[in-house]
Each structure stands twice: as C-alpha cells, then as structure tokens.
Protein chains: 2
Amino acid sequence: MIDTVYMSGDVQPLRTRLIACGRELLDEGGIDGVGLRAVARHAGVSHGAPRRYFPTHKALLAAIAASGFADLSADLRSAIASETDPVARLRQTAHRYLAFAGTHRTLFELMFRHDLLEGSGEDLRQHSKPLFETVVALAADAGAAHPHVVALNLWTQLHGVATLRATRSIEVIAGDVDVDGFVARLIDLHLRARV
Amino acid sequence: MIDTVYMSGDVQPLRTRLIACGRELLDEGGIDGVGLRAVARHAGVSHGAPRRYFPTHKALLAAIAASGFADLSADLRSAIASETDPVARLRQTAHRYLAFAGTHRTLFELMFRHDLLEGSGEDLRQHSKPLFETVVALAADAGAAHPHVVALNLWTQLHGVATLRATRSIEVIAGDVDVDGFVARLIDLHLRARV
DNA sequence: GAAGGGGTGTAGACAGTGTCTACGAACGAC
DNA sequence: GTCGTTCGTAGACACTGTCTACACCCCTTC
C-alpha cells in the first residue's frame, strides 16, 4: 500500500524518470541499448507506458539529447562563471566542453546525430546557438579583432577534437594527446590570428 | 534460363552488390534504412543471403563504412596528385574532404560512428592513419616547423567543420559559410602558426 | 456522497527486424 | 559419376516499435 502510494505519488514524474533511465542505458549499452521497451523495463513500467510521453523511439532519443544539451549548457555557464579573465574563461569553456564529450561519450555522440532527432532536430540544434553566441562574446572580451570569425574557428576546431576523441579516433592518429595543453595552444593561436 | 545464367554468373559478386545496395539505401533512407533484410530485398535475394558475407548487421555497416573510407582515400590521393605546390595540395585535400562529407552526408556520418562498427571498428579507424600521415608529409613540404602538430591542428579543425556541416549544425550557428574561403584561411593560419 | 470524465499506465496484437538452423541446388575435383 | 564445398533459400524464434482497446485513480461537479 505504502509502495503504491509512493510509486503513484512519486515526486519524479515518469517522463523524467524515463529520460534518466535512458541515459543510464546509454552509458551501459550504447545508443542501441536505448529502446522504448528497454527503458520501460528499466523503469519498472509496462512496455506501452513510455508512449504516453514519447510517441516514437526517435522522440525518446531526442528528449535524451535535449537533456544532454541542458547539462552541457549548465556546465559551460558554470565554467565561465568560475573565471574572470576572458582568456581563462575561454580555456575553461573549452576544457569543460571536451571533458563533457569525454565523460559522456555516447550522449555526446547522440546529441549530434541529427538523423535520429526527429522533428525536434531543428529545436535541438538551436541549443547550439546561444552557446556559440557566448563564445563570440568571450572572444570579443579577449580582444579578438573579428570575434565572430575567431569563435567559428574555435568552435569548429573544438568540436573536431571532441568528436575525434569521443570516437577514439584521435588516439589512432596521434597517440596520447595532452588535450588541455593542446587546446590552450589552439586558443592562443586563434585569438592571435589576424584572420 | 539466360537470366539465371546472368544472375549466377554475375561479374559482380553478391558481396559487392550488397554493399552497393546498402550505400543506395543509405542515401535514400538514412542509416536506419540500411537493414540486412532491406539490403537483401533491394538486391533481389532472400533475407538470409547477406548472412553468408555479413554475419551481423554491424558487420554490414562496417563494410559499407570501409567502402566509404576507400572512396575517400582515393579522392584525397587524386586531389594531391592534381597539384604540385604543397600549399595548393593541402587546400585541395581539405576541399575534397569537405566535399566528400557534404556529398555523402550519411555515409560520412556512418564512417565515424564507432558504436556500430563492431570488432572491425579498430581496423576501420586504422584507415585514418595513412591519411593523417599524408597530411603530415604535406605540412612538412609546405614548410611547417612542426608538421605533426600542424597536421593534428588541421585535421581536427577540418573534421570539426565537416561534422558540423554534415549535421547542418554549422548553418544554425553561422548561417551560410563560404567554406572554401574559410578553409583556405584556416590552412594559412595553421601553417603560419609558431606552435 | 455519488456520478462522470480526463489523464495515466496495462495488455494484447501486428508487422518488421536480426539471428539461427536446416535444407537444396550448382559447381569443380577426383 | 559421385562426393564435398560453396552459396543462396526458407522457416523459425525472440525481440522491437507502433497501434489499439481497456482499466484504474484522482478530480471535478452536481
């Protein structure tokens, strides 16, 4: 009885719980471990329950990706808040971005898999925009002559490193890389560029 | 009868045909349009036939990805052969890399999806290594002081641009980008870097 | 307090998939 | 001509996403 009350009156609604379970499954078994039914099983509900919130498999994945973007944004915002010097802020931002991609490999991969982000793919990619604007502002603060260009250079470079690292391709190419030092030099390079 | 002879004596063995069909399906319906059974149907054979060559779904995808790497390598080699000046060679290489990623969006995405490349994932990523070594050599020819570092910078940057473009994320961030000009400036930037 | 109704989860069904297995037809070697 | 290998067929199974009808609980309304 108490259990029933606890379950039905759970402070965490099922939708949220399903996303959390999805992220656990993502860590454990990769992207294709995250099925509608697997998530339901993991959350202890019937196989049809998720359908109430995610009408389709892709919708579930999109929701998980969105939660990933939310976490990443929060990470980056706190990174910026932790420093005052503009260059240090850029460095911290880059560091956290890469740390996120390294820690949440599969989630990061999912976040940029537009092929399974359904209709909300557009919305999802819109998450990137404010993040990018932040980098533009940081570049301007750091004294870049053309902050927009510098930000684009930095962003694409960083994303390339993050992606290649998430898929472990960079190890094949270059062996062990001191990522922090590598990225610090890249930031200096792009900031000093005369475009 | 003639048909039978033609079919069974086909100059193109089934394995090759299945990969070709897989790439067509990839273009038409994205990655999850490429199923073992769908490929079999598309090639006009029974659903069990592919199993003779691809014991698993991932094995099929890995083979398709491998064929993509082969094409990309050929593209880049011919790009290098088409120029003599080292910097022009780098420019052409970058141009073709991005063109490939833009033209074969889904294939490119598949090629860097390590989660579905089975055991052969390691082999697959090894495709990148000779390509990278080529870029190192080009950077050296172009007079870079630390060709290895420059190549790594260039490679990650290029891959970032390619990825963000393939997923159409770059448009959201920066609108229409003149990719060729953008990349030309990036090459100059990295070559001139004092590390 | 009883009746009704909307939101929420259950349960059964269906087509489609990957994977496994047994089977058959074509072919070359001896 | 027979044997054995290679290659594709065909049926089965468990599992998946999706659809539908159903049951429950809480809330409003009379």
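In the predicted model, helix H2 (residues 14–29) of chain A meets helix H4 (residues 57–81) of chain A through Ile19(A), Gly22(A), Arg23(A) and Leu26(A) on the H2(A) side and Leu60(A), Ala63(A), Ile64(A) and Ser67(A) on the H4(A) side. Contact here means that the C-beta atoms of two residues, placed from the backbone, lie within 7 Å. Helices (H or I, at least four residues) are DSSP runs, numbered from the N terminus. By class, five residues of the contact of H2(A) with H4(A) are nonpolar, two are polar and one is charged. In this scheme Ala, Val, Leu, Ile, Met, Phe, Trp, Tyr, Cys and Pro count as nonpolar, Asp, Glu, Lys and Arg as charged, and the others, Gly among them, as polar.

Two packed helices are described by the angle between their axes and the distance between the axes. The axes of H2(A) and H4(A) cross at roughly 85° and come within 10 Å; the axes are lines fitted to C-alpha atoms over the stretch in contact, with angles running from 0 to 180 degrees between N-to-C directions. The two helices H2(A) and H4(A) are therefore roughly perpendicular to each other, a term for angles of 65 to 115 degrees.

H2(A) also packs on H3(A), at an angle of about 110° and with the axes 9 Å apart. H2(A) and H3(A) are therefore roughly perpendicular as well. From H2(A), the residues Arg17(A), Leu18(A), Cys21(A), Gly22(A), Glu24(A) and Leu25(A) meet Ala38(A), Val39(A), His42(A) and Ala43(A) of H3(A). Six nonpolar, two polar and two charged residues make up this contact.

Helix H3 (residues 36–43) of chain A leads on to the DNA, giving the most to the surface near DNA strand D, with three residues. In all, 17 residues surround DNA strand D, and Gly35(A), Val45(B), Ser46(B), Gly48(B) and Ala49(B) are the closest. A residue is near a strand if its C-beta atom, placed from the backbone, lies within 6 Å of it. Six nonpolar, eight polar and three charged residues form the surface near DNA strand D.

Between the chains, 34 residues of chain A are in contact with 34 residues of chain B. H9(A) supplies the largest share of the chain A side, 11 residues. That side divides into 15 nonpolar, 13 polar and six charged residues. The copies meet through the same surface, because 100% of the interface residues of chain A are also interface residues in chain B.

Residues are numbered from 1 along each chain as its sequence is written, and chains are lettered from A and ligands numbered from 1 in the order in which they are written. As this is a predicted model, local features need pLDDT of at least 70 and side-chain atom pairs count only at pLDDT 80 or more, while totals for chains, interfaces and linings use all residues.

Technical notes: Parallel < 35°, antiparallel > 145°, perpendicular 65-115°, else oblique.
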